Amino acid sequence: MSRLPVAVVGATGAIGQRFISLLQDHPMFELAVLTASERKVGGRLSDFWRLEGALDPDIGGIRVFSNASSHRMEADVPLLVPEVNAEHIALVERQPTFERGGFIVTNPNCSVTGLVLALKPLVDAFDFDRVHVATYQALSGAGYPGVPSLDIEGNVLPFIDQEEEKMRREAKKLLGRWSGGIVPSEIEVWANCARVSVRDGHLEAVSIPLPEDTDPDEVASILSSFRGEAQRLGLPTAPERPVLVRPEANRPQPILDRMAGEPERARGMAATVGRIRVTDRVLRFFLLSHNTIRGGAGGSVLNAELAHRRGYLG
């Protein structure tokens with residue numbers, strides 16, 4: 001199968017470098033164009049490379065798969081997590097540039113991405129309309145160079161501009177029902193977001209009031225058995241299990257679980273859930289996902305793979 005040429009916009013940034021790392025030997029896509037801000041044009045990508053993997057020396061814009069927030073809530077733009085709402089990709093057909101071969105697809109805010117992976121199977125199994133979540137978000141979520149060291153070392157910052165609002169409105173679109181368009185979900189996500197001194201991996205403490213008590217083992221089984229359209233299609237970057245459940249009392253942890261996901265190409269694409277408890281009709285658990293892979297570059301690559309399989313890139 002011939003590979004499709006793709007471009008990375010903002011190639012020198014933290015998310016841009018993750019895009020390049022995921023795409024440089026991809027079976028469907030070939031990196032053709034890299035772009036950056038005007039002051040970096042003409043430079044060498046290797047001068048900016050800060051990831052642990054090697055940079056392919058051969059790596060050097062329209063259909064756009066964006067990690068940026070600017071178009072997420074537009075009525076004709078899909079906000080996609082393929083395991084959660086793959087059918088929403090049909091929105092591209094309503095975009096004015098579609099007949100000329102162009103469209104835009106977005107992936108959500110990094111903190112809500114992992115959350116909806118866990119919420120989707122729970123929404124299908126239980127009746128609830130409120131979710132309370134406290135997030136402990138990694139430094140890489142602020143980009144590079146990010147938060148000044150004197151602000152974050154030995155400290156926690158209990159405010160991330162617009163983060164809580166993004167989680168609330170994006171969750172409604174992501175979990176919305178498809179009926180020739182998106183009918184927003186009635187679920188309200190109430191978030192408290194903090195920045196912590198962790199390099200990668202957003203940890204979230206989730207509480208969900210339920211109409212009646214349920215067995216934590218049943219919740220664990222529902223989450224562990226969840227498979228979405230990305231798994232049914234066998235997309236290359238999709239993890240075999242999008243949600244992993246850890247039985248240990250001290251998991252998940254960013255340093256141990258942020259790269260969860262199999263096979264190798266899907267490392268960092270699974271969400272990890274642990275400490276599942278139900279007390280007085282309130283389900284509680286911790287959730288961890290990799291913010292620059294699943295919540296960033298990997299999410300956009302997975303969206304492009306879905307679009308390819310659905311015939312939108314043909």
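Axes are lines fitted to C-alpha atoms, for helices over the stretch in contact, and angles run from 0 to 180 degrees between N-to-C directions. Helices (H or I, at least four residues) and strands (E, at least two) are DSSP runs, numbered from the N terminus. The model is predicted: local features need pLDDT of at least 70, side-chain atom pairs count only at pLDDT 80 or more, and totals for chains, interfaces and linings use all residues. Residues are numbered from 1 along each chain as its sequence is written, and side-chain values use heavy atoms, with hydrogens and water left out.

Two packed helices are described by the angle between their axes and the distance between the axes. Helix 3 (residues 110-125) and helix 5 (residues 163-174) have axes that come within 9 Å and cross at roughly 40°. The two helices are therefore oblique to each other. Angles under 35 degrees count as roughly parallel, over 145 as roughly antiparallel, 65 to 115 as roughly perpendicular and the rest as oblique. The crossing of helix 3 and helix 5 is right-handed, a term for the near helix being turned clockwise from the far one by less than a right angle. Helix 3 makes the contact through Cys110, Ser111, Val112, Leu115 and Val116, and helix 5 through Glu163, Met167, Glu170, Ala171 and Leu174. Contact means heavy atoms within 4.5 Å. By class, seven of these residues are nonpolar, one is polar and two are charged. Ala, Val, Leu, Ile, Met, Phe, Trp, Tyr, Cys and Pro count as nonpolar, Asp, Glu, Lys and Arg as charged, and the others, Gly among them, as polar.

Glu170 lies in helix 5. Glu170 is buried, with a relative accessible area of 2%. Buried means under 20% relative accessible area, exposed over 50%, and partly exposed in between (1.4 Å probe, protein chains only). The side chains of Glu170 and Arg72 are joined by a polar contact of 3.1 Å. Such a contact is a pair of N or O atoms within 3.5 Å; within protein, one must be able to donate a hydrogen and the other to accept it, and residues adjacent in sequence count only if both atoms are side-chain atoms.

Leu79 sits in the loop between strand 3 (63-66) and helix 2 (82-85). Its relative accessible area is 0%, so Leu79 is buried.
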